[in-house]
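Here's a friendly walk through one protein model. Keep the sequence and the 3D view open as you read.

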Amino acid sequence: MSVKGTDRPRKVLVTGATGGLACVLLPKLDAIGPLITVARQSFPPITDQLDLSDAKAVLALIKREKPDVIIHLAALTDVDQCETHPLLAWEQNVRNTRNLVDAVAECRLNPHFVYASTDMVYDGNGLNTERNTRPGNIYALTKLWGEDIAGILEKSLILRLNFFGVPKKSGPSLTSWLDQACRSEQGATLFSDVMFSPLFAVDLADAIVGLIAKEVSGVVNLGCSGSGVSKADFLRRIASELGLPTDKLRDGSVKDVTLSAYRPRDMRMDVSKAEKILQASLPTIDETVGRFVKMSGDLGG
């Protein structure tokens, strides 16, 4: 891990620029420098269309724009789809990353390459440090493979993330789903045996911008500070903050649900490395839930 830091404006290329995290992150990147935003399906004039599987098109873009920072958000993140379509998972999470890295190398550039990975590479016992990987499904495996490819570059920053509270393109938002679950006769079963360290997407975006501003390289966990929480407890806390009745919410096990892909039981992350670099504490789970509930109306929950 290294920290450099610079005040000069830097041209930033963002892939997957129509995704949920990008919607929260992009407005904060103006502090870094001018933006080039690309996605498989573009929304002019906000983003340009780029198929990352087209190595020639990727090379042409990198050669033309010569970005100082590349933030690679594009990925196939549907865990069960990755499991049932492993070739597609490899294509979108591994090959496309390779196309970007190869283009950078061919152009002899040295950008700050930021790769968005996942906490699903962990399945430990307690807080997982950056060295404690144990992928248990195709999604996690392909993201870890993508990490290795990104790590070839001298100035790569691998971010292992768990976040929530991004705008929804379709389907119910977290708050609307929870409201329906709490008020319906059927209620909902929540996983009490899955532990994680969720961070509100707005706070995650601030942390990412802070790490980019410092030109940090290496592998860094980004989640809420503290000992983490079960998914059941997390959703109950949000429901309570929203003033929803919680008597219809039941504890259950992820083992009792039929899923195509294995779900790790303990993805909690040790975020002390990030906090040391940023010289600030990341929000605790209580702060995270409070800030999400306060802002969820503006974000669409």
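## Ground rules

A salt bridge here is a side-chain nitrogen of Lys or Arg within 4 Å of a carboxyl oxygen of Asp or Glu. This is a predicted model, so local features need pLDDT of at least 70 and side-chain atom pairs count only at pLDDT 80 or more, while totals for chains, interfaces and linings use all residues. Residues are numbered from 1 along each chain as its sequence is written, and side-chain values use heavy atoms, with hydrogens and water left out.

## Salt bridges

How many salt bridges does the structure hold? There are 16 salt bridges. One of them joins D51 and R40, whose closest N and O atoms are 3.6 Å apart. D51 sits in the loop between strand 3 (48-49) and helix 2 (55-65), and R40 in the loop between strand 2 (35-39) and strand 3, so the pair ties together parts that are 11 residues apart in sequence. (Helices, H or I with at least four residues, and strands, E with at least two, are DSSP runs numbered from the N terminus.) Buried means under 20% relative accessible area, exposed means over 50%, and partly exposed is in between, using a 1.4 Å probe and protein chains only. By that scale D51 is partly exposed at 31%, and R40 is partly exposed at 44%.

Next up is D251 with R236, a salt bridge whose closest N and O atoms are 2.6 Å apart. This pair links distant parts of the chain, with D251 in strand 13 (residues 249-252) and R236 in helix 8 (residues 231-241), 15 residues apart. D251 counts as partly exposed at 48% relative accessibility, and R236 is partly exposed with a relative accessible area of 22%.

Then there's E215 and R10, whose side chains meet in a salt bridge at 3.7 Å, N to O. E215 is in the loop between helix 7 (201-213) and strand 11 (218-222), and R10 is in the segment before strand 1 (12-15), 205 residues apart. Are these two buried or exposed? E215 counts as buried because its relative accessibility is 10%, and R10 is buried too, with a relative accessible area of 2%. R10 and E215 also belong to a network of salt bridges that includes K155.

## Two helices side by side

Now look at helix 4 (residues 86-106) and helix 5 (residues 138-150), which pack at an angle of about 10° with their axes 9 Å apart. That makes helix 4 roughly parallel to helix 5. For the record, axes are lines fitted to C-alpha atoms, for helices over the stretch in contact, and angles run from 0 to 180 degrees between N-to-C directions. Angles under 35 degrees count as roughly parallel, over 145 as roughly antiparallel, 65 to 115 as roughly perpendicular and the rest as oblique.

Among the residues that meet here are W90, N93 and R98 in helix 4, and Y139, K143 and W145 in helix 5. The residues of this contact divide into 10 nonpolar, 4 polar and 2 charged. Ala, Val, Leu, Ile, Met, Phe, Trp, Tyr, Cys and Pro count as nonpolar, Asp, Glu, Lys and Arg as charged, and the others, Gly among them, as polar.

## A helix with two faces

Which residues of helix 6 (residues 174-183) are buried? They are T175, L178, A181 and C182. These cover an arc of only 125° around the axis, which puts them on the same side of helix 6; the arc is that of the directions from the helix axis to the C-beta atoms. The face turned away from the buried side carries the exposed residues Q180 and R183.

S117 is in strand 5 (residues 112-118) and counts as buried at 6% relative accessibility. Not counting residues up to four places away in sequence, S117 touches K143, E147, I158, L159, R160 and L161. Contact means heavy atoms within 4.5 Å.

T37, in strand 2, is buried at 9% relative accessibility. Leaving aside neighbours within four places in sequence, its contacts include V14, L26 and I46. A274, found in helix 9 (residues 272-278), is buried at 0% relative accessibility. With the neighbours within four places left aside, A274 is in contact with V220, N221, L222 and L282.
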